[in-house]
Amino acid sequence: MPKTTLHFEKVRRRFGRLSVLQGVTGTVTPGEALLVTGPNGSGKSTLLRCLAGVLAPDGGQIAYREGERDLDIGERRLRVGYVAPDLAFYSELTVAENLQFFARLRRVSPDRGFAILDRLALPTDRMAGTLSSGMRQRLRWAWALLHRPRLLLLDEPFQNLDAPGEEGTRELLREHLESTPGGLAVIANPSSLEIDRVTARLDLGR
Amino acid sequence: MSPLASTWAAEALAVFAKEWRCELRTRIALNTLGLFAVTTLVVAGVSLGPLGVAKAQGSALLPVLLWLILLFSVAAGLPRAFVQEEETQTATALRLCATPSALFCGKLLYALTLVAGLEVLITPLYVMIMNLQVARPGLLAAALAAGGFGLAAGSTLVAAIIAQARSKGTLFSVLSFPILLPLLILAVELTRNAVVGDPPGMALPQLLLYDASVSIFGLMLFPVVWNP
C-alpha cells in the first residue's frame, strides 16, 4: 500500500487576540479516519483549513507524506480533497460547467465527478446558484473527489443532506478509506459521528 | 511545446474562458466599464466638444483626458476580478486547484481583452466627438496597445493584492497611484506625439519596459499574496 501519512504537531492559530488552536497534535495513516469534535468555536474548521493549506498556522508542524516524500504546503494544497460549509462554486455556471472548469485546473477528466453526481442524484444542468443547501453539499463531495485524492478533509460532511444524500456520501467515504490506495481522512463535526474506520478521536472541546 | 507548458497554458486558458463565460452571463464588468466610459466621454464631449478646445491646446489636453477616461473606467470595473472571488467564497476552491501563475495569467488575459474592447469602443468615439486630428494613427494604436496592457497588468496586480484586505476601495486607490502613474505619463506622452506627428522617442520603449516589468513582478508577487 502506498505510504501516506498525515502528522500534525502542536498546531497553533490565533485570530487577533483570540487563540483558536492551542497546540493540537494528531496522526492519520492509510485506511484510517481521525474524527475531530468540539463545540462551535473550538477550532475544528480552523484545524482543517490549516491541514488543507489554505490557512497558515502560527506555530507547530504539519507533515503530509505521499510515497517517499513529504509534500510542501503548495503541493499539499493541490492534492487534498476538501469539503467544508464555506466552499462555494460559481453561481453563474451550471454544475457541469463548474466541474469541468475545476477538472481542467486539476488537469484531470471530469468523468469521476460526473459519476459521483450521478450516484448522488444531482442534475448537472442546474445553475449552481439555484442549488439548495443539500445539493451544494453533494456538489462539494463530487468536487472534492474529482482528482482521486488520498487525503480527504471533511468539515461537517453530512450537513444539510437528506437521508439518501447522507447514505450516498457515507458510502463514498467508506470506499475512499477501503479502496483508494493510501486513502485517509480527517473529519470535523460538532458532535460524534458513527463512521466505520474511525481509529482516533480528537476532542477540541473546552 | 513541452507537456508541462501545454498543461499550464491550458489552465490559464480555462481561467480566461471561465471569466468570460461568467461575465457574458452577468455583464457586471462590461456594464460598469462601458457605462462609466461612455458617460465621461459624453460629459467631456458636451463640455469641451469639437469647438470647445483650441487646436493648440487640444494636442496638450485631449490625450490626457483620453487616458483619464480609460483609467477611471478600468478602475471602476477591473478590481472585481479577484475581489469577487473572495466575496463569493470561490477563492478557497481556486486556491486548492489552480497553479497561482496560471490563475494570474488567465485573469490578466481577461483584463487585457476587457481593456482592448474598451479602447476599441471609446477611442474612435473620442476622436470623432473631440474632432481630434491624429497625425500618426499607427503610433496612437501602439500607445493604446502598450498603455492598455500596462493598465490591465497593473490593475490586475493591485486587485490581487487588495482582494483579501478590508478597505479595498481605499487601498486600491493608494496602491494604484504609484504603480500606474509612470504608465500614464508615458502613455500620455506617446499619445501626444501621435497627435502632433512627432516620433515616439524613448516613450515607447520605456512603456514596453514598464509593461514587461509589471507583468514579471505580478507573476512573482502573486503566489505570495494569493496563498497563506
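This is a predicted model: local features need pLDDT of at least 70, side-chain atom pairs count only at pLDDT 80 or more; totals for chains, interfaces and linings use all residues.
Let's start where the chains meet. On the B side, 27 residues are in contact, and on the A side there are 27 as well. Together they bury about 2,400 Å², and carbon and sulfur atoms account for 64% of that.

We get 10 residue pairs in polar contact between chain B and chain A. If you ask which elements of chain B give two or more residues to that face, the list is α1, α5 (80–87) and α6 (91–95). The biggest share comes from α1(B), with 12 residues. By type, the face on chain B splits into 12 nonpolar, nine polar and six charged residues.

Let me zoom in on one residue there, T92(B), which sits in helix α6 of chain B. Buried or exposed? T92(B) is buried, at 9% relative accessibility. And what does T92(B) touch, apart from its neighbours within four places in sequence? The partners are R49(A), V54(A), Y82(A) and L87(A).

While we're in that stretch of chain B, have a look at α5(B). Its buried residues are A81(B), F82(B), V83(B) and E85(B). After α5(B) comes Q89(B), which has a positive phi, near 65°.

Now, salt bridges. Side chains of opposite charge can pair when their charged atoms come close. Over all chains, the search finds 17 salt bridges, and three of them cross the interface of chain B and chain A. One to look at is R21(B) with E97(A), where the closest N and O atoms are 3.9 Å apart. E97(A) is in helix α3 (residues 95–106) of chain A and R21(B) is in helix α1 of chain B, so this pair joins two chains.

Next one, inside chain A: D58(A) and R13(A), with 3.8 Å between the closest N and O atoms. Why bring this pair up? Because D58(A) is in the loop between α1 (44–52) and β4 (59–66), and R13(A) is in strand β1 (residues 4–15), so the bridge ties together parts of chain A that are 45 residues apart in sequence. Here D58(A) is partly exposed, at 44%, and R13(A) is buried, at 16%.

For a local example, take R174(A) and E171(A), which meet at 2.3 Å, N to O. An α-helix has 3.6 residues a turn, so residues three or four places apart point the same way. Our pair is three residues apart in helix α6 of chain A, which puts about one helical turn between them. R174(A) is partly exposed, at 31%, and so is E171(A), at 29%. And here's E85(B) again: K18(B), E19(B), E85(B) and K107(B) are joined into one network by salt bridges that share partners.

On to cysteines. How many disulfides does the model have over all chains? The count is zero. C97(B), for instance, is in no disulfide, and the nearest cysteine sulfur, in C22(B), is 15 Å away. C97(B) is also buried, at 4% relative accessibility. For C105(B), the closest cysteine sulfur is that of C97(B), and at 18 Å it is too far for a bond.

E156(A) is not a glycine, yet its phi is positive, about 50°. You'll find E156(A) in the loop between β7 (151–155) and α6 (163–179) of chain A. Chain B has a case in R27(B), also not a glycine, with a positive phi of about 60°. R27(B) lies in the loop between α1 (3–26) and α2 (28–47) of chain B, and it is partly exposed, at 43%.

That's my tour, thanks.

Methods
Residues are numbered from 1 along each chain as its sequence is written. Chains are lettered from A and ligands numbered from 1 in the order in which they are written. Side-chain values use heavy atoms; hydrogens and water are left out. Helices (H or I, at least four residues) and strands (E, at least two) are DSSP runs, numbered from the N terminus. Buried means under 20% relative accessible area, exposed over 50%, partly exposed in between (1.4 Å probe, protein chains only). Contact means heavy atoms within 4.5 Å. Buried area is the accessible area (1.4 Å probe) that two parts lose on being put together, summed over both. A salt bridge is a side-chain nitrogen of Lys or Arg within 4 Å of a carboxyl oxygen of Asp or Glu. A polar contact is a pair of N or O atoms within 3.5 Å; within protein, one must be able to donate a hydrogen and the other to accept it, and residues adjacent in sequence count only if both atoms are side-chain atoms. Ala, Val, Leu, Ile, Met, Phe, Trp, Tyr, Cys and Pro count as nonpolar, Asp, Glu, Lys and Arg as charged, and the others, Gly among them, as polar. A disulfide is a pair of cysteine sulfur atoms within 2.5 Å.
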